[in-house]
Every structure is written in structure tokens, then in C-alpha cells.
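Dear colleague,

Please find below the structure that I am handing over to you. My findings follow it, and I would be grateful if you read them with the coordinates open.

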Amino acid sequence: MASNEELFRKIIAHAKEYGFVFPSSEIYDGLSAVYDYGPFGVELKNNIKEYWWKSMVQYHENIVGLDAAIFMHPAVWKASGHVDAFNDPMIDNKDSKKRYRADVLVEDFILKLEDKIEKEAEKAAKRFGDTFDGKMFRETNPRVLENLQKIQEIKQRFYPALERNDLADVKLLIEELGIVCPISGSRNWTEVRQFNLMFSTQMGSVNEDANTIFLRPETAQGIFVNFLNVQKSARMKIPFGIAQIGKAFRNEIVARQFLFRMREFEQMEMQYFVRPGEEMKWYSYWKDERMKWHLSLGIPAEKYRFHDHDKLAHYANAAADIEFEFPIGFKEIEGIHSRTNFDLGAHQEYSGKKMQYFDQELDERYVPYVVETSIGLDRTFLAVLSNAYREEKLDDGSERVVLGIPARLAPIKVAILPLIKKDGLPEKARELMDTLKYDYRCFYEEKDTIGRRYRRMDALGTPYCLTVDHQTLKDDTVTIRDRDTMKQERIRITDVSIVLREKVAK
Ligand code: GAP
């Protein structure tokens, strides 16, 4: 089995070779942390979007959609706090000249201590066998207690220092913990500085009247500023949600890791407007719902976990990440945030326009509280892709790479393949393609041996192949091949549509 790093490299190479994801502007050596989706990538991405949109908007009567512009009035970002607070603390290593997020360095250090505790417990469990009491071990073992104490101390110092924006103390902590640069191995650090993550550009033709505007770093603000437009025009009653899918832009400091951390990416966000005081109830509700959604993608539960935040964003009173086990480890794929009435309240203040809702049941006017679910589309794409990637040794000694993408998300649902390129088989296969292409994303191919074409479809994640052979011409039947089992059965052409409908809904 490949190491995780090797596996990650293979997935990236596969994504390029099979037309899922290309580096942006590749002929000019690429643009860091920006990617283009190829012919099969765009299909998979659209299917994920549609699946999310249906589960949020179509299946919930009280959630409606929106598609707000990327450009917004600059005051939006002042009110939202992004101009002043959407920063990452960064630090450079003077020897390697590499730049790091200071908070990530410290959090990685904490993770290492947590790892040590886990390893200690695993070792003891092996030693004591059935009689091992994990809870008691963690409460009494001196080495575990020492590490727990250390974690506690770091957190108690680190998060308040960030909160106070005491960057000198953050640097001191990094030095005291002896954190070294992973590249140079040295502790030769610069000061910690705040770095705003928003991209800006000029709007207007003449320099003098041009306004600096920002590329939105989250889609959520488009929803907040339209809160009353949507509520009134769609006659929504609290609790209700507004959902949106769109591009967001962040000038990430450490932008590596393929689709995981990009400078231009897509978010699928939903803001749920609730009565003040009811936000924690809805926060737990959406945590549960969103985890169920992830599991419904057919990805095993052990690949997911929650991470409740210690350090909260400037707008939140509770926040949790759903983390997915990418080949680069467990990392955030979605955030669920209780954003209080921070955003609507701030827009009310900055714009001078009321952002209130009149609750008829309570006979009361208030600024609603908001619970947000915010999932990265590109990270979800990466999760689906990396969960699907398999290398298999077959009984005949050959190997295949297969993407086990759930049929409902697969870029191509069915391939239509004439066994050979003559004897009227291509014409018959085209006829079949014409009957199916309005309902399913189909793919027709007649080049290469049938075995090679099956392998290519496996590598693209196509769940079914229909093969038209000489028997088809005699009795109007075709074979249907299942990507995962590689088994084939013969079915009547007149049944193909019904069989596919049942299989592709999976
Ligand atoms: N409106 C709330 C918000 O934007 P966030 O936790 O900063 O919250 C939400 O982002 C999600 O957007 C993340 O869980 C992640 O999936 C995705 N995301 C954030 N930054 C990203 C990046 N640089 N590249 C790819 N996806 C990113």
C-alpha cells in the first residue's frame, strides 16, 4: 500500500491524466494554488453541487436559494470585520525563507503531544490486554498527565494571546516550545505579523475615482445583505434559510496541498435565521444534519470526525468543523458556526438600514440570530476523489486503477461501447446512445480493445458499461458491466432505461 504522501501524489497525477483537474495556466508553469476543472472534473463538481442544492433547497421548504455577485460594496467588508480581522498570523523562517501560519505551527505541536498520549495508551493496551482500562490510564499515568498539562498550558496562553493580538507573545511561545522549521530544522524565526487574506482590485475607469473593492472571501455576506429582500419577496418565516453556491477568494499564506487550500475556490453556504436564544438548538440540529449528509455520500463514518473550536472567529459564539481524513490527514471540510446576530447587527449599524424581522407569533421585532453551514466544494470534490481512488490486483495478475465514485455523483453514468468498429455494431450502439443521452450523461467510445476501454471507464469512475456485440444484432440484448464487481449480465435493450434508473439512483 502506498504511503499517504505517495497516494496523494498518485491521486493528483490521476486527476490530471484523466481530465479531472489541471493546474491553472499550466503552459506558463501554473499559478500557485489555482486549479482548473477538466471535462470529467466539471461533471463531478456539478453533480456534487446539485446533490447539495437538492438536499438543502429542494428538500427543505423553508430554505431558498440566492446567487449574489462576487463584487460587493467595500463597506460590507468593513462591517463584517474582514478588513480588520480576517488575518492570519504569519512567521518566516530566516534560513529556509519559508513562510508559515504561526497558529498552525502551535496547533501542530499540540497535535504531536496528543499523538504521544495516544501512542502511550495503545502501548499500554497491548501490554495489559483485556484488563486495560483506558480511562483510568489517562487519568493516572504520569507521562500522559504531564503531556495533558502541557497542552492545557499552551492553549491557555496561546488563544488569549491571539485574542489580544499579542504577536510578540505568540513568537515567544514558538521559541519556548522549541518549534523548528520543517525544512531548515532551525529556530531562526522572524517576528509574527498579521496578514490580511482578502484580494483587492480597483473598480472605476479613472484612477482618482476608482474605489478599492475586494473579491469576496466568503459567500455568506451576499446572503446577509439580501436578508430582507429574500425574506420579503419569498415570504419567509423564521426559522428559515438562504443557500448559495459560489466562488470565494483568499490570499492564503500557505497555499499548497492541491484542492485543499486554494486561492480561488467555491463554497456552498447556508445561513439559517432563527429567534435569538434558539441558536444553540439549531446549531446542534445542523451539526447532526450536515454529518448525515456527508455519510450519505457513501463514505465510511470513520473517515469523519467533529472538531469543536477553542478559538472562535470574530463573529461566532460556537463553532465546529466536520473533518475528513484526506490523504494529508484529518482536516476541515465543513464549518458549522453559530454567528449570533453579529453580521446583521453590523450591517444595520454601518448601512443605517434596519435589519429586523417582525415575528408575528411573538409580536416582537428583532435582529435574527444565524446558524451557518459552510462547506468547501473543492474539498468535497477532493474527499470524494480520494475516497474513490483504488488500485486493485486482479485474479489474472493484471492491475487496474478504479474510482469507486457513488453512481449518483459519477461524471459519466454509462459508457456505450460497440465490441468492434464494424459489422453494424457502431450504428447500433449510436442508436442506443441516442435513446439514453437525454436522461444520463453517456460516453461513446469505439477506439481500442474492449478490455482497454473498460479500464479507462474504471479509471474515470463510470459505474456501468453497455456493450453492443454481435448477439445484440440478433436478439436486441446488450451486456451491462458493473465497475466494482466487473461482472456482466445480458439484458434486453428495452429494459436498459429501467435498469439504469434503479442503479444510477444509488
Ligand atoms: N462563511 C464561513 C466561512 O467561510 P470557513 O471555515 O473560513 O468559514 C468554510 O470556510 C469552508 O470553505 C471550509 O470548511 C473549507 O471547506 C472551505 N475553504 C476555506 N478556505 C479554503 C481554501 N483556501 N481552499 C479551499 N477551500 C476552502
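D458 counts as buried because its relative accessibility is 0%, where buried means under 20% relative accessible area, exposed over 50% and partly exposed in between (1.4 Å probe, protein chains only). D458 belongs to helix α15 (residues 450–460); helices (H or I, at least four residues) and strands (E, at least two) are DSSP runs, numbered from the N terminus. Its side chain forms a polar contact of 3.0 Å with the side chain of R481. A polar contact is a pair of N or O atoms within 3.5 Å; within protein, one must be able to donate a hydrogen and the other to accept it, and residues adjacent in sequence count only if both atoms are side-chain atoms. Apart from neighbours within four places in sequence, D458 is in contact (heavy atoms within 4.5 Å) with R400, V401, V402, L403, R481 and R483.

Please note that this is a predicted model, in which local features need pLDDT of at least 70 and side-chain atom pairs count only at pLDDT 80 or more, while totals for chains, interfaces and linings use all residues. Residues are numbered from 1 along each chain as its sequence is written, and side-chain values use heavy atoms, with hydrogens and water left out.

Overall architecture

The protein chain has 506 residues, of which buried residues make up 50%. Its secondary structure consists of 17 helices and 23 strands, and its C-alpha trace spans about 80 × 65 × 55 Å along the principal axes. Of the contacts between residues at least 6 apart in sequence, 65% join residues at least 24 apart. The chain exposes about 25500 Å², with 49% of that supplied by carbon and sulfur atoms; accessible areas come from the Shrake-Rupley method with a 1.4 Å probe, and for residues only the protein chains shown count as cover.

The domain assignment gives domain 1 (40–72 + 214–403), domain 2 (87–196) and domain 3 (412–504), with bounds taken from an automatic or database assignment. The centres of domain 1 and domain 2, taken over C-alpha atoms, are separated by 29 Å. Seven residues of domain 1 are in contact with nine residues of domain 2.

Nonpolar cores

A nonpolar core is here a set of buried Ala, Val, Leu, Ile, Met, Phe, Trp, Tyr and Cys residues joined through side-chain atoms within 4.5 Å. The largest one holds 68 residues, and F20, W52, W286 and F381 touch the most other members. Domain 1 and domain 3 each contribute at least three residues to this core. Residues up to four places away in sequence aside, W286 touches M56, H60, I63, M270, Y272, I336, V371 and T373. A second, separate core has 28 residues, including L113, A124, F158 and W189.

A polar side-chain atom of Q267 lies 2.9 Å from a ligand oxygen atom. On its own the ligand has 560 Å² of accessible area, and the protein covers 93% of this.

The side chains of S338 and N317 are joined by a polar contact of 2.6 Å. With neighbours within four places in sequence left aside, the contacts of S338 include E279, Y283, Y315 and V371.

P160 lies in helix α7 (residues 142–163) and counts as partly exposed because its relative accessibility is 33%. P160 and V170 are ten residues apart in sequence, and their C-alpha atoms are 9.9 Å apart. V170 is one of the buried residues of helix α8 (residues 167–176), together with L167, D169, K171, L173 and I174. These buried residues pack against β4 (87–92), α5 (102–128), α7 and β6 (193–196). After α8 comes G178, with a positive phi near 70°.

With kind regards
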